[in-house]
Amino acid sequence: MSITAQGKMAKSLRSKWKRKMRAEKRKKNAPKELIRLKNILKTDGDVLMKEVDEIATVVKPKHITEKGDSVMKEPEGVCKMETDNKRNKKSLLDQHGQYPIWMNPRQRKRLKAKREKGKGKKKAPKGLAW
(Lines give C-alpha, C1' and ligand atoms only; values in the text may rest on other atoms or scores of the structure.)
Protein backbone atom coordinates (compact mmCIF):
# COMPACT_ATOMS: atom_id res chain seq x y z
CA MET A 1 0.00 0.00 0.00
CA SER A 2 1.43 3.37 -0.96
CA ILE A 3 1.78 6.37 1.33
CA THR A 4 -0.94 8.29 -0.52
CA ALA A 5 -3.43 5.46 0.01
CA GLN A 6 -2.89 5.75 3.76
CA GLY A 7 -3.75 9.43 3.68
CA LYS A 8 -0.38 10.89 4.64
CA MET A 9 0.57 13.86 2.53
CA ALA A 10 4.15 14.68 3.42
CA LYS A 11 6.72 12.46 1.73
CA SER A 12 9.95 14.41 2.00
CA LEU A 13 12.86 13.09 4.02
CA ARG A 14 12.70 16.09 6.32
CA SER A 15 9.04 15.53 7.23
CA LYS A 16 9.64 11.80 7.74
CA TRP A 17 12.53 12.62 10.08
CA LYS A 18 10.41 15.15 11.99
CA ARG A 19 7.57 12.63 12.38
CA LYS A 20 10.04 10.02 13.62
CA MET A 21 11.56 12.43 16.15
CA ARG A 22 8.13 13.50 17.43
CA ALA A 23 7.28 9.84 18.01
CA GLU A 24 10.58 9.36 19.89
CA LYS A 25 9.83 12.42 22.02
CA ARG A 26 6.36 11.09 22.86
CA LYS A 27 7.87 7.76 23.93
CA LYS A 28 10.47 9.53 26.08
CA ASN A 29 7.98 11.88 27.77
CA ALA A 30 5.15 9.37 28.25
CA PRO A 31 6.30 8.06 31.67
CA LYS A 32 6.82 11.61 33.00
CA GLU A 33 3.35 12.66 31.82
CA LEU A 34 1.79 9.58 33.40
CA ILE A 35 3.46 10.31 36.75
CA ARG A 36 2.34 13.94 36.58
CA LEU A 37 -1.27 12.93 35.86
CA LYS A 38 -1.26 10.42 38.72
CA ASN A 39 0.09 13.08 41.10
CA ILE A 40 -2.62 15.51 40.06
CA LEU A 41 -5.30 12.91 40.69
CA LYS A 42 -3.79 11.90 44.04
CA THR A 43 -3.70 15.44 45.44
CA ASP A 44 -6.53 16.64 47.61
CA GLY A 45 -9.42 17.51 45.33
CA ASP A 46 -10.37 20.60 47.35
CA VAL A 47 -6.93 22.19 46.97
CA LEU A 48 -7.02 21.66 43.23
CA MET A 49 -10.60 22.92 43.00
CA LYS A 50 -9.67 26.09 44.92
CA GLU A 51 -7.01 26.87 42.34
CA VAL A 52 -9.41 26.21 39.47
CA ASP A 53 -12.16 28.13 41.26
CA GLU A 54 -10.11 31.32 41.03
CA ILE A 55 -9.96 31.01 37.27
CA ALA A 56 -13.41 29.63 36.39
CA THR A 57 -16.79 28.85 37.89
CA VAL A 58 -16.99 25.19 38.78
CA VAL A 59 -20.34 23.39 38.98
CA LYS A 60 -20.22 20.02 40.69
CA PRO A 61 -22.02 17.12 38.95
CA LYS A 62 -24.44 16.54 41.89
CA HIS A 63 -25.94 20.01 41.48
CA ILE A 64 -26.38 19.52 37.76
CA THR A 65 -28.22 16.20 38.12
CA GLU A 66 -30.50 17.55 40.87
CA LYS A 67 -31.54 20.62 38.93
CA GLY A 68 -31.87 18.78 35.65
CA ASP A 69 -32.25 20.99 32.60
CA SER A 70 -32.59 24.19 34.62
CA VAL A 71 -28.83 24.77 34.33
CA MET A 72 -29.13 24.91 30.56
CA LYS A 73 -31.93 27.52 30.65
CA GLU A 74 -31.18 31.22 30.41
CA PRO A 75 -31.45 33.46 33.45
CA GLU A 76 -34.72 35.38 33.75
CA GLY A 77 -33.18 38.80 33.05
CA VAL A 78 -31.57 37.70 29.78
CA CYS A 79 -33.61 37.45 26.59
CA LYS A 80 -32.63 35.92 23.28
CA MET A 81 -31.86 38.15 20.35
CA GLU A 82 -34.45 37.82 17.64
CA THR A 83 -33.04 37.30 14.20
CA ASP A 84 -34.94 38.97 11.41
CA ASN A 85 -33.57 36.72 8.69
CA LYS A 86 -36.21 34.20 7.75
CA ARG A 87 -34.68 31.74 5.31
CA ASN A 88 -36.48 29.24 3.07
CA LYS A 89 -34.89 25.86 3.81
CA LYS A 90 -35.45 24.51 0.29
CA SER A 91 -34.19 27.44 -1.79
CA LEU A 92 -31.95 28.98 0.94
CA LEU A 93 -33.25 32.45 0.01
CA ASP A 94 -34.02 34.96 2.77
CA GLN A 95 -37.03 37.29 2.80
CA HIS A 96 -35.18 39.75 0.53
CA GLY A 97 -34.32 37.11 -2.09
CA GLN A 98 -30.65 36.94 -1.07
CA TYR A 99 -28.57 33.79 -0.77
CA PRO A 100 -26.34 33.18 2.27
CA ILE A 101 -22.96 34.89 2.14
CA TRP A 102 -21.08 31.57 2.23
CA MET A 103 -22.75 30.21 -0.91
CA ASN A 104 -20.59 30.33 -4.02
CA PRO A 105 -21.90 31.61 -7.39
CA ARG A 106 -22.06 28.13 -8.93
CA GLN A 107 -24.41 26.88 -6.21
CA ARG A 108 -26.54 30.02 -6.59
CA LYS A 109 -26.80 29.48 -10.34
CA ARG A 110 -27.79 25.84 -9.85
CA LEU A 111 -30.52 26.69 -7.34
CA LYS A 112 -31.82 29.51 -9.53
CA ALA A 113 -32.01 27.15 -12.52
CA LYS A 114 -33.91 24.64 -10.43
CA ARG A 115 -36.38 27.35 -9.34
CA GLU A 116 -36.86 28.60 -12.91
CA LYS A 117 -37.42 25.04 -14.13
CA GLY A 118 -40.27 24.65 -11.63
CA LYS A 119 -41.96 27.82 -12.93
CA GLY A 120 -41.86 26.61 -16.58
CA LYS A 121 -44.67 26.98 -19.09
CA LYS A 122 -47.76 24.90 -18.49
CA LYS A 123 -48.46 22.34 -21.18
CA ALA A 124 -51.75 22.36 -23.02
CA PRO A 125 -54.08 19.55 -22.01
CA LYS A 126 -54.10 16.53 -24.29
CA GLY A 127 -56.97 16.19 -26.67
CA LEU A 128 -58.49 18.51 -29.21
CA ALA A 129 -57.53 22.12 -28.97
CA TRP A 130 -59.61 24.57 -31.03
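Contact here means heavy atoms within 4.5 Å. By that criterion, S91 touches Y99, L111 and R115, with residues up to four places away in sequence left out of the count. The structure is a predicted model. The protein contains five helices and zero strands, and buried residues account for 6% of its 130 residues. The points below move from the overall fold to two helices, and then to the loop that holds S91.

**Overall architecture**

- Along the sequence, the pattern reads α-α-α-α-α, in keeping with a count of five helices and zero strands.
- Of the contacts between residues at least 6 apart in sequence, 3% join residues at least 24 apart.

**Helix 2**

- Helix 2 covers residues 13-42, and its 30 residues should span 44 Å at 1.5 Å a residue.
- The end C-alpha atoms of helix 2 are 43 Å apart, which agrees with that expectation.
- At N29, helix 2 bends by about 40°. A proline, P31, follows within four residues of this position.

**Helix 5**

- The 14 residues of helix 5 reach 20 Å from the first C-alpha to the last, close to the 20 Å expected at 1.5 Å a residue.
- Helix 5 lies largely in the open, because the number of buried residues among its 14 is one.

- K90 is located in the loop between helix 4 and helix 5. Its relative accessible area is 76%, and the cut-off for exposed is over 50%, so K90 counts as exposed.
- S91 is placed in the loop between helix 4 and helix 5. With a relative accessibility of 12%, S91 falls under the 20% limit and therefore counts as buried.
- The side chain of S91 makes a polar contact with the side chain of N88, at 3.2 Å.
- L92 is likewise found in the loop between helix 4 and helix 5. The relative accessible area of L92 is 23%, so this residue is partly exposed.
- L92 has a phi near 65°, a positive value in a residue other than glycine. Most residues other than glycine have a negative phi.

**The loop between helix 4 and helix 5: D94**

- D94 lies in the loop that runs between helix 4 (61-67) and helix 5 (105-118).
- D94 is buried yet has no salt bridge. The nearest side chain of opposite charge is that of R87, 4.4 Å away, whereas a salt bridge requires a side-chain nitrogen of Lys or Arg within 4 Å of a carboxyl oxygen.
- Leaving aside residues up to four places away in sequence, D94 touches K86 and R87.
- A polar atom of the D94 side chain lies 2.7 Å from the backbone nitrogen of Q98.

Definitions and conventions:
Residues are numbered from 1 along each chain as its sequence is written. This is a predicted model: local features need pLDDT of at least 70, side-chain atom pairs count only at pLDDT 80 or more; totals for chains, interfaces and linings use all residues. Side-chain values use heavy atoms; hydrogens and water are left out. Buried means under 20% relative accessible area, exposed over 50%, partly exposed in between (1.4 Å probe, protein chains only). Lys and Arg count as positive and Asp and Glu as negative; His and the chain ends are not counted. A polar contact is a pair of N or O atoms within 3.5 Å; within protein, one must be able to donate a hydrogen and the other to accept it, and residues adjacent in sequence count only if both atoms are side-chain atoms. The expected span of a helix is 1.5 Å times one less than its number of residues. The bend at a residue is the angle between axes fitted to the seven residues ending there and the seven starting there.
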